[in-house]
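Please look at the sequence and the model first.

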Amino acid sequence: MNNQLNPPEIFDRRRRHALRARAAGRSKDDFLWQHIAQDMAERLSAVTRTFEHALIIGPIGRWQRQILPPNVPCTLAPLRDKVAVLEAGSDAPVVLEEDHLPFTPGSFDLVISAGTLDSVNDLPGALIQIRHILRPDGLFLGHMFGAGTLGALKAMLLEADADRVTPHIHPQIDLRSAADLIVRAGFTLPVADQDICAVRYGDWRSIVSDIRDAGVGNALAGPRNYLGKDVATRLEHAFAARADAQAKVTESFSHIYLSGWAPSENQPRPAKRGSGQVSLSDILSKDLAG
């Protein structure tokens, strides 16, 4: 009988760490992380306040200097055991999971988590914990790969599997569900939006290589099935069937961005229902009357 307090986990925590460790040792093009870092930097630049202590969760910490304003003290949590991020100028990195945060409440006034939230076992709990470790009026900026990501590769793998269908890429959350989660976690002024990035590829191996470079491969728990010696040939056929006149296939990466503030007495609040002094119907009737 399953213990309801400890339900089976969807994602294998060791595999999550292994994916990032493998990515750290690859000679790669980090265009996915560069895209996320640039977007995070732009969003943070629109915030007119000074931060005293930031926490960055995930491999995005390598782009700390690009994202954060100068001289902001920062703790990095790269989600892998072997780290090569000390050159960023931060303190020693912390190894953790988003749903097992080891920090006391109110430890940070800025928390950034990017590129990994889509494979967290307890995502609602992780968001609540992030809110708890924020100081009042602290800011959370989050990113995850959303539904629609790698749709072309998923379709090709499904075709190549034939009658032995097996999961190769974990399912992702959609924008509406992500927006509901940030609200349920208790953040104020919550925002969720989506950016879909299309990339053209000349072969399926390049898609797989980019996934491995980014460390965002399949972290689902459970055994791995042998794909068969002819899976590469079947993938070649599936890719060719989808290729355009330039022999390329367009793949999509759906970026979902979340933001919210820890509750504070100093934040603007909506007026209580029924407290308005002017009737909307009166304004509209005056406008119609000319």
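## R62 and D30

R62 has a relative accessibility of 39%, so R62 counts as partly exposed. Here buried means under 20% relative accessible area, exposed means over 50%, and partly exposed lies in between (1.4 Å probe, protein chains only). D30 is buried, because its relative accessibility is 11%.

D30 and R62 form a salt bridge, with their closest N and O atoms 3.1 Å apart. D30 lies in the loop between α1 and α2 (31–45), and R62 in the loop between β1 (54–57) and α3 (64–67), so the pair ties together parts 32 residues apart in sequence. A salt bridge is a side-chain nitrogen of Lys or Arg within 4 Å of a carboxyl oxygen of Asp or Glu. Helices (H or I, at least four residues) and strands (E, at least two) are DSSP runs, numbered from the N terminus.

## Basis of the model

This is a predicted model: local features need pLDDT of at least 70, side-chain atom pairs count only at pLDDT 80 or more, and totals for chains, interfaces and linings use all residues. Residues are numbered from 1 along each chain as its sequence is written, and side-chain values use heavy atoms, leaving out hydrogens and water.

## Other salt bridges

The whole structure holds 14 salt bridges. One of them joins the side chains of R16 and E98 (3.1 Å, N to O). R16 is in helix α1 (residues 13–24), while E98 is in the loop between β2 (74–77) and β3 (108–113), 82 residues apart. Both R16 and E98 are buried.

E9, R13 and D99 are linked in a salt-bridge network.
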